[in-house]
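Hi! Here is the structure we talked about, ready for you to open. Have a look at it, and then read my notes below.

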Amino acid sequence: MAEDWIVLDEVAGMLQAEILRGLLEAQEIPTVLSQEGAGRAIGLIIGTMGTVQILVPSKDQDRARELLEAYYAGDEESPEQ
């Protein structure tokens, strides 16, 4: 059976997306990044074509949201696993 993936967040640019993917994967949450084809091909980092979607398995969405909320709030400690 295929796993359901949800869009956890959308960020401006691949650099920010890679940082968040590293945060999530460090907590053993599989993460996929998706960017508009044209934006990726020509390296756009602004506007809608610079937007990157961060996807996680639906079963991990609650824990992933907690991690992102802590990250955006500037918390030095991540939520317990």
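**What I found**

Let's start with Leu15, which sits in helix 1. (Helices, H or I with at least four residues, and strands, E with at least two, are DSSP runs numbered from the N terminus.) Keep in mind that this is a predicted model, where local features need pLDDT of at least 70, side-chain atom pairs count only at pLDDT 80 or more, and totals for chains, interfaces and linings use all residues. Residues are numbered from 1 along each chain as its sequence is written, and side-chain values use heavy atoms, with hydrogens and water left out.

Is Leu15 buried or exposed? Leu15 counts as exposed because its relative accessibility is 67%. The cut-offs are simple: buried is under 20% relative accessible area, exposed is over 50%, and partly exposed is in between (1.4 Å probe, protein chains only).

Leu15 also belongs to a nonpolar surface patch of about 420 Å², together with Ile19, Tyr71 and Tyr72. Helix 1 (14-26) and helix 3 (61-73) are the elements that give two or more residues to this patch. Patch members have over 30% relative accessible area and no salt bridge; like charges are joined within 9 Å, and nonpolar side chains (Val, Leu, Ile, Met, Phe, Trp, Tyr) within 5 Å. A salt bridge here is a side-chain nitrogen of Lys or Arg within 4 Å of a carboxyl oxygen of Asp or Glu. The areas come from the Shrake-Rupley method with a 1.4 Å probe, and for residues only the protein chains shown count as cover.

**The whole chain**

Now zoom out: the chain has three helices and three strands, and from the N terminus on they run β-α-β-α-β-α. Of its 81 residues, 32% count as buried.

**Helix 1**

Which residues of helix 1 are buried? They are Met14, Ala17, Leu20 and Leu24. These residues lie on the same side of helix 1 because they cover an arc of only 125° around the axis (the arc is that of the directions from the helix axis to the C-beta atoms). A handy rule: an α-helix has 3.6 residues a turn, so residues three or four places apart point the same way. On the face turned away from the buried side, helix 1 carries the exposed residues Leu15 and Ala26. Just after helix 1, Glu28 takes a positive phi of about 65°.

**Ile29**

Next comes Ile29, in the loop between helix 1 and strand 2 (32-35). Ile29 is buried because its relative accessible area is 1%. Neighbours within four places in sequence aside, Ile29 is in contact (heavy atoms within 4.5 Å) with Leu24, Val56, Asp60, Arg63, Ala64 and Leu67.

**Helix 3**

(The expected span is 1.5 Å times one less than the number of residues.) The buried residues of helix 3 are Ala64, Leu67, Leu68 and Ala70. Their arc around the axis is only 160°, so they are on the same side of helix 3. What do the buried residues of helix 3 pack against? They pack against strand 1 (5-12), helix 1 and strand 3 (51-57). The face turned away from that buried side carries the exposed residues Asp62, Glu69 and Ala73. After helix 3 comes Gly74, with a positive phi near 80°.

Cheers!
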